[in-house]
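Here is a short briefing on one protein model. Please look over the sequence and the structure before reading on.

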Amino acid sequence: MPPTSTHFSIRPIPSAGRGVLASTPLAPNTPLLLSPPPAAHVIFRQYRREVCAHCLHYDRGRTLPVRDAPIGKVFCAEPCRAAWREAQGPLGVEAWTALETFVRSRAKSVVSTLAQAAVGAKPGAQAVVATWEAAAEVGALHARARGGGVGAADSGPGIKADREYRRALHHVWTQSVDPDILGYLLSGVLTAHGDAGYWQREVEGLAMDEEAYKDTADLEAHCNAFLQLVATVPRELVGSCTVEVCQTLANASSHNSFGIRAGGDEGEEYMGYALYPEASYFNHSCSPSVRKKRVGRQWEFSTAREVGEGEELCITYLGGDEKDLTVTQRRERLRGVWGFECMCERCRREDTS
Ligand SMILES: [Zn+2]
Ligand SMILES: [Zn+2]
């Protein structure tokens with residue numbers, strides 16, 4: 001369901017799909033929208049002792065006081081831990097515990113790659129399809145052996161399938177472990193499992209990046225993480241831990257997620273990212289009329305200046321320093337990360353070529 005407000009409406013926009021238009025003249029600092037918590041998110045493992053898993057509070061790199069060892073997360077205070085556990089529910093807590101146990105058991109193979117630069121070219125669409133198809137086959141063996149997902153009602157794996165399964169399981173246990181990809185996917189799988197309607201309506205409807213992986217290793221790491229999840233999550237979750245859900249999470253993240261940064265929107269420290277379907281309604285401008293500010297796990301949107309009736313309300317997709325780039329550099333950045341040629345008012349004004 002698109003967000004509704006007396007301040008704006010969501011309408012089709014020529015060349016940009018849809019956009020948010022001011023319904024009335026708006027004064028500066030008018031609150032527009034408070035997004036719900038993210039559909040999926042990850043705090044990179046290197047920050048796991050410094051960022052509250054519930055409210056995303058960060059205290060200049062200090063280790064936070066409340067540690068919940070079985071789930072491998074820290075909290076700024078006891079109420080945050082209680083709220084997190086309640087929001088996750090018993091199944092979620094069980095899943096995070098299983099994941100943490102798995103990651104710790106493979107401590108020597110842990111490699112966090114999400115915040116790293118790409119090595120080599122992006123894999124093309126065909127490679128993406130083929131790699132996921134191979135993962136889906138192995139995933140189906142896992143799901144069947146665990147008594148969840150497609151084919152769960154089968155009378156059990158035959159001898160050949162059993163051998164294949166053991167080989168597949170061996171493969172999963174010998175691959176490296178990326179706790180960040182695992183955490184991001186698990187948070188999304190739990191959302192999809194908890195509210196299928198929301199998932200279909202909000203998440204599956206997002207703009208998807210069909211070439212979402214920065215390099216081949218990233219694609220393989222996502223497929224491995226999917227298989228490791230199928231093998232480790234509680235049985236009840238296996239049916240929701242599908243290739244489709246994991247691909248949706250990967251493809252939606254490049255165009256619809258926000259970085260979790262130390263100082264809110266402008267902070268330098270890049271500590272993770274989060275997928276906010278509701279925020280995706282705002283298009284980008286290099287001189288945005290809307291300011292966004294992170295308040296705990298939510299984003300608050302308000303007008304950055306006076307906005308006329310019918311004017312489009314835009315946020316900026318650029319990070320703090322990137323706003324000072326030249327028009328050519330900004331366009332290159334936006335094309336690379338978000339896949340569009342910026343034709344905003346500022347870019348048109350500064351483009352003298
Ligand atoms: Zn907290
Ligand atoms: Zn622009």
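The model is predicted. The zinc ion (ligand 1) has Cys52, Cys55, Cys76 and Cys80 as its protein donors.

**Zinc ion (ligand 1)**
- The SG atoms of Cys52, Cys55, Cys76 and Cys80 lie 2.3 Å from the ion.
- Angles among the 4 donor atoms are 105 to 115 degrees, and the site is tetrahedral.
- Along the chain, the donors follow the spacing C-x2-C-x20-C-x3-C.
- Distant parts of the chain are linked here: Cys52 sits in the loop between β4 (40-43) and β5 (66-68), and Cys80 sits in helix α1 (residues 78-105), 28 residues apart.
- Both Cys52 and Cys80 are buried.

- Cys286, in the loop between β9 (283-284) and β10 (290-295), and Cys347, in helix α10 (residues 345-350), are 61 residues apart and link distant parts of the chain.
- Cys286 has a relative accessible area of 4%, so it is buried.
- Cys347 is buried too, at 0%.

**Helix pair α2 and α8**
- Helix α2 (residues 125-145) packs with helix α8 (residues 243-256) at about 145 degrees, their axes 11 Å apart.
- The crossing is right-handed.
- Val128, Trp132 and Ala136 of α2 meet Val243, Cys246 and Gln247 of α8.
- This contact has 5 nonpolar residues, 1 polar and no charged ones.

Definitions and conventions. Residues are numbered from 1 along each chain as its sequence is written. Chains are lettered from A and ligands numbered from 1 in the order in which they are written. This is a predicted model: local features need pLDDT of at least 70, side-chain atom pairs count only at pLDDT 80 or more; totals for chains, interfaces and linings use all residues. Side-chain values use heavy atoms; hydrogens and water are left out. Axes are lines fitted to C-alpha atoms, for helices over the stretch in contact, and angles run from 0 to 180 degrees between N-to-C directions. Helices (H or I, at least four residues) and strands (E, at least two) are DSSP runs, numbered from the N terminus. A crossing is left-handed if the near helix is turned anticlockwise from the far one by less than a right angle, and right-handed if clockwise. Contact means heavy atoms within 4.5 Å. Ala, Val, Leu, Ile, Met, Phe, Trp, Tyr, Cys and Pro count as nonpolar, Asp, Glu, Lys and Arg as charged, and the others, Gly among them, as polar. Donors are N, O and S atoms within 2.8 Å of the metal (3.2 Å for Na, K and Ca); water is not among the atoms, so sites may look incomplete. Four donors count as tetrahedral if all angles lie between 85 and 135 degrees; four count as square planar and six as octahedral if opposite donors are over 155 degrees apart and all others between 65 and 115; anything else is irregular. Buried means under 20% relative accessible area, exposed over 50%, partly exposed in between (1.4 Å probe, protein chains only).
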